[in-house]
Amino acid sequence: MYDLIDECGKDLEKLGYAITKLDRYGLSFGTLTIEDEEEAQEYGMKIGDYFILNAPKLYDFGVDCQAYITDILAKKLGAFLKDLKIRRKDKVLIIGLGNPDIMADRLGKEVFDNITIDALSKSNNIFKFCPNIYFSTGIETVDLVEMLVKCMYIDYCIIIDSLTTNELTRLGTSFQITTTGMTPGSGVLRFNRAIDSVSTGVPCISIGVPFMVFANDLKQDSPPDLILSPKDVRNNVEIASFIIASAINEVLK
């Protein structure tokens with residue numbers, strides 16, 4: 001199973017996917033649109049828009065680089081919201097997925113902690129939710145999200161989670177935004193129901209960064225269920241989550 005769009009093992013150039021290099025910090029990005037069910041079936045993806053920003057030297061630079069990436073992500077997120085006809089006053093539910101007890105899977109919780117809301121204001125339209133994992137709650141996350149969306153009249157969701165990658169060099173350095181929602185646990189082969197526009201009835205945007213890689217993707221005789229993460233994973237997750245939360249806060253302020 002893959003989480004990053006350009007690790008699907010398919011020739012995405014046929015769909016117009018290409019990497020564009022930026023002139024700062026070694027950054028590059030790619031965009032992709034899956035337009036119909038035929039393309040979705042062929043490429044193993046859902047219909048929707050995909051954006052990926054690669055920042056291989058993110059942790060070699062300081063706050064200026066982080067601010068630059070934040071600005072790029074905020075502009076892309078804002079563009080996706082505009083395409084989906086989301087209005088500034090619409091109610092958003094920000095969902096931090098993952099296992100908060102495992103640092104490599106804690107991205108959702110870290111972003112959750114850094115999202116700014118004005119809970120005491122009657123005009124507050126930003127709500128956030130960190131559901132933990134099924135093995136801790138016994139409740140499917142999608143069921144909880146469906147309930148909140150329905151009961152609180154949520155207009156759209158933004159979902160954040162750690163992803164998996166096939167390459168060590170991409171751990172903590174690729175930021176992916178899609179309009180297709182997210183399936184909790186899919187990157188580690190736990191196929192739950194998807195949190196998407198079909199299950200919730202509202203647009204769902206997902207944001208993720210890979211912090212895990214299967215050992216057998218690097219060495220074939222490794223145990224199939226052994227998952228690796230960066231040695232500086234705590235610092236990396238904190239930086240990536242602050243970038244994502246800052247981008248969201250910027251768009252929603």
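Where in the chain is the place of Y25? The legends below, which describe a predicted model, begin with this residue.

**View 1. Y25, a residue with positive phi between two strands.** The place of Y25 is in the loop that runs between strand 1 (20–21) and strand 2. Although Y25 is a residue other than glycine, its phi is positive, near 60°. Y25 counts as buried because its relative accessibility is 18%, and the cut-off for that class is under 20%. As background, most residues other than glycine have a negative phi.

**View 2. K85, an exposed residue with positive phi.** K85 lies in the loop that leads from helix 2 (63–83) to strand 4 (92–96). K85 is not a glycine, yet its phi is positive, at about 60°. With a relative accessible area of 69%, K85 is exposed, whereas Y25 counts as buried.

**View 3. The buried residues of helix 3 and the elements around them.** Helix 3 spans residues 107–114, and L107, G108, E110, V111 and F112 are buried within this helix.

**View 4. A patch of negative charge on the surface.** The residues that gather in this patch are E35, D36, E37, E38 and E42. Among them, E35 has its place in the loop between strand 2 (28–34) and helix 1 (37–43). E35 counts as exposed because its relative accessibility is 61%, and the class of exposed residues begins over 50%.

**View 5. A nonpolar patch on the surface, formed by leucines.** L168, L218, L226 and L228 make up this patch, and together they have about 320 Å² of accessible area. One of these residues, L218, lies in helix 7, which covers residues 215–218. The relative accessible area of L218 is 39%, so L218 is classed as partly exposed.

Notes. Residues are numbered from 1 along each chain as its sequence is written. This is a predicted model: local features need pLDDT of at least 70, side-chain atom pairs count only at pLDDT 80 or more; totals for chains, interfaces and linings use all residues. Side-chain values use heavy atoms; hydrogens and water are left out. Patches are made of residues with over 30% relative accessible area and no salt bridge: like charges are joined within 9 Å, nonpolar side chains (Val, Leu, Ile, Met, Phe, Trp, Tyr) within 5 Å. Accessible areas come from the Shrake-Rupley method with a 1.4 Å probe; for residues, only the protein chains shown count as cover. A salt bridge is a side-chain nitrogen of Lys or Arg within 4 Å of a carboxyl oxygen of Asp or Glu. Lys and Arg count as positive and Asp and Glu as negative; His and the chain ends are not counted. The place of a charge is taken as NZ of Lys, CZ of Arg, CG of Asp or CD of Glu. Helices (H or I, at least four residues) and strands (E, at least two) are DSSP runs, numbered from the N terminus. Buried means under 20% relative accessible area, exposed over 50%, partly exposed in between (1.4 Å probe, protein chains only). Contact means heavy atoms within 4.5 Å.
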